[in-house]
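Trainee: Please take a close look at one part of this model and tell me how that part is packed. Then set it beside the rest of the assembly.

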Amino acid sequence: MHIAVCLKHVPDPSTVEVDPLTGLLAEDRVLYMLNPADESALELALRLRPANGTVTALSVGPIEADALLREALAAGVERAARVWDAELGPLKPALTSILLAATLRVIGLPDLVLCGGHSADRGSGTVPALLAEQLDWPAVTDVTRFEITEGRALAQRRLARGARAESEVQLPAVLGLDTERIRLRQASLPKLMQAQHAPIPLYSLEALDLSPQDLHFPAMTLHEVMPPRPRARIMFAPDATASAQERVAQILSAGIAGKSGQKVEGGTPEQQADAIIDFLRQHGFLEQRIAS
Amino acid sequence: MVMTTHEEKMRTVRFRVAATPHIVVNSDICRASCSIHACVYVCPANLFVPLDDGGILFNYEQCFECGTCYIACNQEGAIRWSYPDGGYGVTFRES
Amino acid sequence: MSVATASEVFDVIVVGAGPAGSTAALLCARAGLKVLLLERGEYPGAKNVSGAAFYGSAILNELIPNWWEQAPVERYICRRDIAFMSSTTSVALDFHCAAEGYTTPPYNGFIVLRPRFDRWLAAQAEAAGAFLLTSAVVDDVLRENGRVVGVRVRREQGEIRGKVVIACDGVNSFLAKKVGLQREFHAHELSLGVKEVLGLDPAIIEDRFRLSGDEGIAYEYLGAITEDVHGGAFLYTNRDSLSLGVIGQVSSLVERRKRPYELLERFKAHPAVAPLVRGAKLREYSAHLIPESGWTMKPTLYTDGMLVAGDAAGFCLAAGLYLEGMNYAMQSGLAAAETAIDACRRERYSARALSGYRKHLKQRNVSTDFRAYRHAPAFVNSARLQNLYPEVVASGMEQLFRVDGSAKRKILPLARQLMRQYQLKPGELLRDGYQVVRAYLW
């Protein structure tokens, strides 16, 4: 069985600082690392690899991504490939999936693609499904555990509100993993040395036979990134005149009281709208700003 | 800001936490024969917490790997240490 | 960059890619030797902290002409300021030098940031042909018939063979101790430095410290700045940040039950320091041990198949006027490399064959400097110099300059009064005077 693993280099969240004035990332302070979910996927791929199987590590990114492909080679993957082109702008999940699919077609389609379900930076969790779409393969996302038997993958999935589901798909397929953190094995010294200067093949748009039109994916466009600016909210405070016991009870309830509300009745539609806006302002849902 | 709390200082440091601790404190020795608990004061990362029973609670995850605790400890064998696995532990960016 | 595999025998294995290790690897690689440079961090410099004032420009210039043009340096040092502090007062010696070689190449000193500088230096060794391997912790040496024949990296199949091992694994050198070249240190022989890098706009730095262009200043502080802990403090100007820190002798931190980072906060709040750091924002906090006792903690420097250099060998000169480590690390690294090159040429690696290290250390002025200043560290760390004299000087100046309508006193009566006030005995003063002379004059 041939397995491909998609790896992404992401900023270590503990090194990410946003300049409060410009809203920009302090680039010189960022350290990159292998996305933790991808690290788990890589280790699982290595564990899953049968005696005659192979694992290929893929990454879309600039030259810095070679470091994590070397990490993968040192840990024991048979093959690594990086996809990049000076023409490429900022990566979006759709673009990444097109590039990954094209690369897999060029280097040989595997039986199984494992992806970390979410990246630590963007975290949209859409690449596995988009990649499956590009390959016209089945995809299972939010996979917490899985087994492969006789050309089929049986996967357990984590759904919203604690629900679980089981899916069974025919290989080839793409799995988006949402497992617990699994650490990558430690590379042996000979493998680490070997990987240090191993050449990493680079696939450009030309090598993938892609033209600019092929990269077009009718999806959303990113216009601007703004730092989040939390609105001032009215904090819950217990009623100071209440007894200590009542106040403790109020604090423990975190301000949650039973549903209550008031009906806005009578008056013109404008007056009714004003009453609703007043209510929302009072409860901190709208900014306390008076339009001039 | 110029003046910072210890927590604020530690938030500026990057750690890649290894799976196993590289420093092990034998609390039995602390309990039995140490009254000064030097490690509690000297550790620049404030990782040693004295317990009511005279033992020491230690957290290796945010260690600078400086070795001060080992040098300051006057109890033979109470602190055993080595470096964390290659590539793990503290990673200074500017210092 | 050379390609190498774990099964081959290296001529030289250097453990630790700091200033000692990288210069040793660089020189060996240039001599055509097969060199493995091992570093436990994610990248060279990841574990390293110093002030960092680097006074080894001329030394490095021999190896890499005009190195400062390509290396990540912050500012060159054209001013040094040594201040004696009481809790309210500071009396400083301000040294401003525009002489040849200070403000012109090769420059006397630079302020650097170690993770960046060390990474660059290791890359130079790599470019010269050394094989740099990061994320590799060395736990022990390999021995055959009592001789060191390689090292054991903490990984599967981690044994790797080399004809000469140069241990540059820092102040805590596990290797030197494993081989029996170094003993365990005492708490009075080491100091702990805690440091902060504080971001500040370059225009503000130049304005506030009266610097232009790439000029930089190094402040060093003695006295009550560390309260009753034996030590000192420093503040250096980087390009767009300040490096500042407090250094405290480990034994005295223990005795006084002082937390080092609290001393650091009080240092920043001192009336003489607060205006210098105003408005700066913390970028990184760090800590490291310093082998301050110099010559007295010097290990045996070589054995069959192995040499020790840099902090691992205690080559750090902390003698009040001088606070130098990186330059001696490089000088000893070069001396070790020269010894290893000789050994490989003659194909003899016994302790006797490596004993030329002593000669090379002398030629590079390492052992001579440390011998000359062997009495200084103990004197600098003495209680009287640490706590008493800075207080006396500061208080004396305070009284000398105070104008409050009472009669002015001349210096001699004032000195008498200070001696009474601080219970200074002429005999002790004489003895300390002799200590100064012995430590610094001849």
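**A helix in its setting**

Mentor: I begin with the layout of chain A in this predicted model. The domain assignment divides chain A into domain 1, residues 2–215, and domain 2, residues 230–292. The C-alpha centres of these two domains of chain A are 46 Å apart. Chain C is also assigned two domains: domain 1 is made of 10–68 + 114–183 + 299–364, and domain 2 covers 378–441. Between the C-alpha centres of domain 1 and domain 2 of chain C there are 44 Å.

After helix 11 of chain C comes Asn365(C), which has a positive phi, near 65 degrees.

The axes of helix 9 and helix 11 of chain C are 8 Å apart, and the two helices pack at an angle of about 140 degrees. Angles over 145 degrees count as roughly antiparallel, and 65 to 115 as roughly perpendicular. Helix 9 and helix 11 of chain C are therefore oblique to each other. Their crossing is right-handed. On the helix 9 side of chain C, the contact is made by Ser332(C), Ala335(C), Ala336(C), Glu338(C), Thr339(C) and Asp342(C). Helix 11 of chain C contributes Gly356(C), Tyr357(C), His360(C) and Leu361(C) to this contact.

Helix 3 (residues 93–107) and helix 4 (residues 127–135) of chain A cross at roughly 45 degrees, and their axes come within 8 Å. Helix 3 and helix 4 of chain A are therefore oblique to each other. Helix 3 of chain A passes helix 4 of chain A in a right-handed crossing. From helix 3 of chain A, Pro93(A), Ala94(A), Thr96(A), Ser97(A), Ile98(A), Leu100(A) and Ala101(A) take part. They meet Val127(A), Leu130(A), Leu131(A), Gln134(A) and Leu135(A) of helix 4 of chain A.

Chain C also has contacts with chain B: 32 residues of chain B touch 49 residues of chain C. At least two residues each come from helix 1 (6–10), helix 3 (38–42), helix 4 (68–72) and strand 6 (89–91) of chain B. Helix 1 of chain B gives the most to that side, with four residues.

Chain B itself has four helices and six strands, in the order α-β-β-α-α-β-β-α-β-β from the N terminus. Its C-alpha atoms fill a box of roughly 40 × 35 × 20 Å along the principal axes. Of the 95 residues of chain B, 45% count as buried. Among contacts in chain B between residues at least 6 apart in sequence, 71% join residues at least 24 apart.

How values were computed: Residues are numbered from 1 along each chain as its sequence is written. Chains are lettered from A and ligands numbered from 1 in the order in which they are written. This is a predicted model: local features need pLDDT of at least 70, side-chain atom pairs count only at pLDDT 80 or more; totals for chains, interfaces and linings use all residues. Domain bounds come from an automatic or database domain assignment. Axes are lines fitted to C-alpha atoms, for helices over the stretch in contact, and angles run from 0 to 180 degrees between N-to-C directions. Angles under 35 degrees count as roughly parallel, over 145 as roughly antiparallel, 65 to 115 as roughly perpendicular and the rest as oblique. A crossing is left-handed if the near helix is turned anticlockwise from the far one by less than a right angle, and right-handed if clockwise. Two residues are in contact if their C-beta atoms, placed from the backbone, lie within 7 Å. A residue is buried if 20 or more other C-beta atoms lie within 10 Å of its own, exposed if 12 or fewer, and partly exposed in between; C-beta atoms are placed from the backbone.
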